[in-house]
Amino acid sequence: MQKGVLTLSFDDGYLDTYKYAIPHLDSLGIKSTFSVPVNLIGKACEKRPVLKWRDLKNLKKNGHEIASHSLYHTRKLSIDEITQSKLILENDLNTEISSFVYPYLNMIPNKEIDNAVKKNYSSSRISKNFPVFNKLVLESPFRIQGFCIMKKHSISYLSHQIDKAIKNNLWLIEVFHLVGKKNTKSAHRNKPYRFFMHIDDFKKHIAFVLSKNIKILTQKEVVLRYVN
Ligand SMILES: [Zn+2]
């Protein structure tokens, strides 16, 4: 019997996340899906530093999936953001990029963008800021839903979602943004960033996940195994 699947996703390519969360996963042999806005590599996304190309190469070498998160992380995506981001990543990393992650919560892509994504990728993901689950088996690998974890979500709340995925045999995609030791300000308002998780909490959460024995797969792996 199946017992649910978990994907650990990291959006926006933040340097702190790469420095703190990834080494922890690497020490445990866990693979994630790491999505980057390609033209912001080595620069900043929403005023927070983004990792460098050499870091991305290292991620790939350690078996993590690299996904496209557009070129510039804008709300208005162009076709180039879909096609060029894939080409650049593929050329520089010498690997096939098959997953696309739409920027921003509740993004509703228009038909033209959606079609371009379908033509160029094997799957796409959108984001919600509350727990969402995907069916196993998947009816379509496009616009699958991820749960963006926020500061306000406690570790026990997250544990509860893991239990739910196991109990109902569902696919939960946990989406992290900034994981580290220190939060930053929001890029848009005079408040702390809402999508921050302290590395100590992250480690506690991963320990809980491992204690439950839920299968951990990348977005690409789930799509390969579970599409109808
Ligand atoms: Zn993003």
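**Helix packing and a buried alanine**

Alanine 165 is found in helix H5. The model is predicted.

Visitor: Is alanine 165 buried or exposed?
Guide: A residue counts as buried if 20 or more other C-beta atoms lie within 10 Å of its own. Alanine 165 has 23 other C-beta atoms within 10 Å, so alanine 165 is buried.

Visitor: Which residues does alanine 165 touch, not counting those up to four places away in sequence?
Guide: One of them is Ile214. The C-alpha atoms of alanine 165 and isoleucine 214 are separated by 8.8 Å, and the two sit 49 residues apart along the chain.

Visitor: How are H5 and H6 oriented to each other?
Guide: H5 covers residues 155–168 and H6 covers residues 199–212. Their axes are 10 Å apart, at an angle of about 25 degrees. Angles under 35 degrees count as roughly parallel. H5 and H6 are therefore roughly parallel to each other.

Visitor: What is the handedness of the crossing of H5 and H6?
Guide: The contact brings Ile155, Leu158, Ser159, Ile162 and Ile166 in H5 against Asp201, Lys204, His205, Phe208, Val209 and Lys212 in H6. By class, these residues are six nonpolar, two polar and three charged. The crossing is right-handed.

Visitor: How is H1 oriented to H6?
Guide: Helix H1 spans residues 15–28. The axes of H1 and H6 come within 10 Å and cross at roughly 25 degrees. That makes H1 roughly parallel to H6.

Visitor: Which residues in H6 meet H1?
Guide: H1 passes H6 in a right-handed crossing. From H1, the contact uses Tyr20, Ala21, His24 and Leu28. By class, the contact of H1 with H6 has six nonpolar, one polar and one charged residues. The H6 residues are Ile199, Phe202, Lys203 and Ile206.

Visitor: How is H3 oriented to H4?
Guide: H3 runs over residues 79–93 and H4 over residues 111–120. Their axes come within 9 Å and cross at roughly 15 degrees. That makes H3 roughly parallel to H4.

Visitor: How many nonpolar residues does the contact of H3 with H4 have?
Guide: H3 passes H4 in a right-handed crossing. Ile79, Ile82, Thr83 and Lys86 in H3 meet Glu112, Ile113, Ala116, Val117 and Asn120 in H4. Two residues of this contact are polar and two are charged. The nonpolar count is five.

Key:
Residues numbered from 1 in each chain as written. Predicted model: local features only at pLDDT ≥ 70, side-chain atom pairs only at ≥ 80, totals over all residues. Axes fitted to C-alpha atoms, helices over the stretch in contact; angles between N-to-C directions. Helix = DSSP H or I, 4+ residues; strand = E, 2+ residues; numbered from the N terminus. Parallel < 35°, antiparallel > 145°, perpendicular 65-115°, else oblique. Left-handed = near helix turned anticlockwise from the far one by under 90°. Contact = placed C-beta atoms within 7 Å. Nonpolar A, V, L, I, M, F, W, Y, C, P; charged D, E, K, R; others polar. Buried ≥ 20, exposed ≤ 12 C-beta atoms within 10 Å, placed from the backbone.
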